[in-house]
Protein chains: 2
Amino acid sequence: MALNKQPYRGTRDFFPKDKRVRDYLFGIMTKTAESFGYESYDGPLLEEVELYKAKSGEELINEQIYSFTDRGERFVAIRPEMTPTLARMVSQIHRESAKPLRWFSIPNLMRYEKPQRGRVREHWQLNCDVFGCPGRLGEIEILQVAIELLENFGANPTHFEILINDRAIVDAVFKTMMNSTSEQSHRLYKIVDRAKKVSAEALQKMISEVGLTIDSEKILLNYLNLSNFEDVSHFLQNNNLNEEAFLFENFITLAKKANIERYLKYDPTIVRGLDYYTGIVFEIYDKHPENRRALCGGGAYANLLQIFDEDPLPGVGFGLGDVTLKDFLEVHKLLPNLETPSNDVYLTFQEDEGLDVTLELAKILRANQLKVITNFESLKFKKVFPAAEKKGAKFVTLIGSEELSNNQIQLKNLHTKEQHTLSLKNLDEIIKIIKA
Amino acid sequence: MALNKQPYRGTRDFFPKDKRVRDYLFGIMTKTAESFGYESYDGPLLEEVELYKAKSGEELINEQIYSFTDRGERFVAIRPEMTPTLARMVSQIHRESAKPLRWFSIPNLMRYEKPQRGRVREHWQLNCDVFGCPGRLGEIEILQVAIELLENFGANPTHFEILINDRAIVDAVFKTMMNSTSEQSHRLYKIVDRAKKVSAEALQKMISEVGLTIDSEKILLNYLNLSNFEDVSHFLQNNNLNEEAFLFENFITLAKKANIERYLKYDPTIVRGLDYYTGIVFEIYDKHPENRRALCGGGAYANLLQIFDEDPLPGVGFGLGDVTLKDFLEVHKLLPNLETPSNDVYLTFQEDEGLDVTLELAKILRANQLKVITNFESLKFKKVFPAAEKKGAKFVTLIGSEELSNNQIQLKNLHTKEQHTLSLKNLDEIIKIIKA
């Protein structure tokens, strides 16, 4: 029986035209991260499962991870996310490194998901993290990186918004204002995280099951009604959370200075689950009505290195997946057409004897940094142009019997249709025309 | 107990300085492949084990592959090589694609190996393949790509040589001249493959166990003594293998025309194991006495798509691993120093009020395609230069109280030590100096 030609469920074959799109996405990611001085890193495909358990708890391990026991009895997993690897690597070198430490990576990650729109089993994710910035400046910079990334793809405030919150505020509301126990806080985080996804009744029902006092329930509902930065400031000041109010205003002031405030929208339901965040948390939302989804999430954290018994090192980071990014760019028509490759010159000959000239010319043109495709068999004139077009060539050569006897080539520009008869002794001229 | 900070056995953490080396290697690989019009592709990390069994047989599957059963009861493996994925992908599209089809990829691959010099469990491998070239031109082109790749790293004939053979010749020697059975041929391939790695006695012992006639043994020993292209031609002609002789000479003639012959050395022991090759097979050897190893292998094959019940499509390809390449470049001192990153400007201020100016200036410089690092805290003058040097910055800014009151910055070129006092109203001038 013949083998299956399709890729493993939930993964993708990247044929050249698909790979060009991926390269385009990764190219802008790299350029943007590097424009902020972020340095690229990478880690292994496999990590010991212990690492993921330490960071994420059992839930993720049991259901979504590609884990197995290797031939040496090590229990390992294909990385489902990059942060644990990042923490492991930073824990090795942070003490002797100058701060801030600015790193980025674009790893492939695997999760055992049910494939659907925006969800695949293997995807790539840009991870940008900065460690050891003073005050709120790391949060500002990470937001700047995320915003400039999308702007570098051609996006603007009509295309996306950033829903933002501060875990220090949420913590203060739950613990200081509402006097919740740890267990109640834990449940409240889950409820707040789901608040926008359920009906008002379902939300009320979940809240009433936590066993809060009437006053605390009122505080919670007031909190959930906060919808802009001014509201938040008043709410915190009215409730004597002066330190939280001061620090949050400090963030807003800096956001204005960095000119990113126009993208930001306060949202009390953004908490990023039960994750390890301690400061600003955010999600970038597509504004397109057909794609109202988050395409990026991140935030500030204090204790990423704790699992390695290392001193706290404040960090801020975000992750942005290739699938959701591509969906975003497609729905807003921001993806360039990359159907065909791009090459400088397509070398053809119309008489078999043209092969020798072609082989020599190709070598010289390549040595001059040109992208050169050779056609190895004589090609009829009328077939030359469709073939060259498919390869995205800017120029073609034609070598017939007349050219052969005169040691010449015809060089044709496929855009301008200009055609030159050029001597093979005059290679500089050939190169000059192609490079012009 | 604190977690282990080291990467999984046989894999590597790529800290920024290591990642820069990898990016340098991949950059030259990509540039070279694209200069020949090769198009980049990629496939999934996991494939069903059936695919590897169909291509490589049971041996590889049992001992070296990272295989496991997924949560949906599929028996899958982390790719140990790219060729089966390539075959699967090409089988989907070859019928409607213009030939030749030129593809390359730089996948990460995993094998369960005992880690040692040049051998790790996770490595990256450049794969270049061309399908559907007439005659021997695909073989010539693939050799050209491999040679220009190493030349683009600065290597030349003093650094490496290419040991080459033709499976059509080996087949004719075994089957036509020696009249071997299939089973004997199979054993002979394994023996020839090991001929240079064992003593003359051990070789003789292995040969005598195959049960050849005295004449056939003589032919085999004559074959194993062939050491250059002229020998081969005479040997084939003297034994009436005229078609093989003609085709091989055709290859040599083209190799001369393509100016690659100076790297080629005939070696009768190069057969590339029991692999699927049918034409030219080759291995690129490091000439350095401390690193006498193959860093690249490849060849021509006719039936890669057979496992998918597709018509034969002739192809030629090679694989080159990142670890052996890096060893090669290091031993020949061909690797550039990539210890520090490279950035355009490092923005510092010496008075706290300089932060606002810095945030604004950074945004403008980035919008002008510059790589900009901001220092978020006021930095003492004497600390500026060592910090900027670590980040590979070409320029630094200095903003003290005098500059703040005059709305100016100091811009210093760290190479020439030239320093300019510039008005912040004159951004064009600042950008011009940095870009010069």
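## The hairpin of β3 and β4 in chain A

In this predicted model, the hairpin of β3(A) and β4(A) has five residues between its strands, and A:E73 takes a positive phi near 70° there. Strand β3 covers residues 66-69 of chain A and strand β4 covers residues 75-78; the two run antiparallel and are joined by four bridges. One of the pairs is A:T69 with A:F75 in β4(A). Strands count as paired if DSSP finds at least two bridges between them. Helices (H or I, at least four residues) and strands (E, at least two) are DSSP runs, numbered from the N terminus.

Residues are numbered from 1 along each chain as its sequence is written, while chains are lettered from A and ligands numbered from 1 in the order in which they are written. As the model is predicted, local features need pLDDT of at least 70 and side-chain atom pairs count only at pLDDT 80 or more, whereas totals for chains, interfaces and linings use all residues.

## Two chains and their axis

Chain A is superposed on chain B by a rotation of 180° with 0.0 Å of shift along the axis, at an RMSD of 0.1 Å. The two copies are thus related as by a two-fold rotation axis. The superposition is by least squares on the C-alpha atoms of residues with pLDDT of at least 70 in both copies.

Between the chains, 70 residues of chain A are in contact with 70 residues of chain B. On the side of chain A that touches chain B there are 34 nonpolar, 11 polar and 25 charged residues. Here Ala, Val, Leu, Ile, Met, Phe, Trp, Tyr, Cys and Pro count as nonpolar, Asp, Glu, Lys and Arg as charged, and the others, Gly among them, as polar. Contact means that the C-beta atoms of two residues, placed from the backbone, lie within 7 Å. Because 100% of the interface residues of chain A are also interface residues in chain B, the copies meet through the same surface.

## Overall form of chain A

Chain A holds 16 helices and 17 strands. Its radius of gyration is 28 Å, well over the 22 Å that the globule rule gives for 436 residues, so chain A is more spread out than a compact globule. The radius is taken over C-alpha atoms, and the rule is 2.2 Å times the number of residues to the power 0.38. The C-alpha trace of chain A spans about 100 × 55 × 50 Å along its principal axes.

The domain assignment divides chain A into domain 1 (14-154 + 295-339), domain 2 (160-275 + 282-286) and domain 3 (343-435). These bounds come from an automatic or database domain assignment. The centres of domain 2 and domain 3 of chain A, taken over C-alpha atoms, are separated by 65 Å. Among contacts in chain A between residues at least 6 apart in sequence, 67% join residues at least 24 apart.

## Buried and exposed places

Of the 436 residues of chain A, 42% count as buried. A residue is buried if 20 or more other C-beta atoms, placed from the backbone, lie within 10 Å of its own, exposed if 12 or fewer, and partly exposed in between. A:N375, in the loop between β14 (372-374) and α14 (381-390) of chain A, counts as buried because it has 22 C-beta neighbours inside 10 Å. Leaving aside its neighbours within four places in sequence, A:N375 is in contact with A:Y346, A:L347, A:T348 and A:A387.

A:K333 has a positive phi of about 55° although it is not a glycine. A:K333 lies in the loop between α12 (322-331) and β13 (343-347) of chain A, and with 7 C-beta neighbours inside 10 Å it counts as exposed.

## Paired strands and a cis bond

In chain B, strand β11 (residues 294-301) is mostly covered, with seven of its eight residues buried. Six bridges join β11(B) to the antiparallel strand β10 (residues 277-286) of chain B, and B:Y277 has B:Y301 as its bridge partner. Six bridges also join β11(B) to strand β12 (residues 315-321), again antiparallel, and there B:G297 stands opposite B:G319.

The peptide bond from A:K99 to A:P100 is cis, with omega near -10°. A:P100 is found in the loop between α4 (83-93) and β5 (101-105) of chain A. In chain B, the bond from B:K99 to B:P100 is cis, with omega near -10°.
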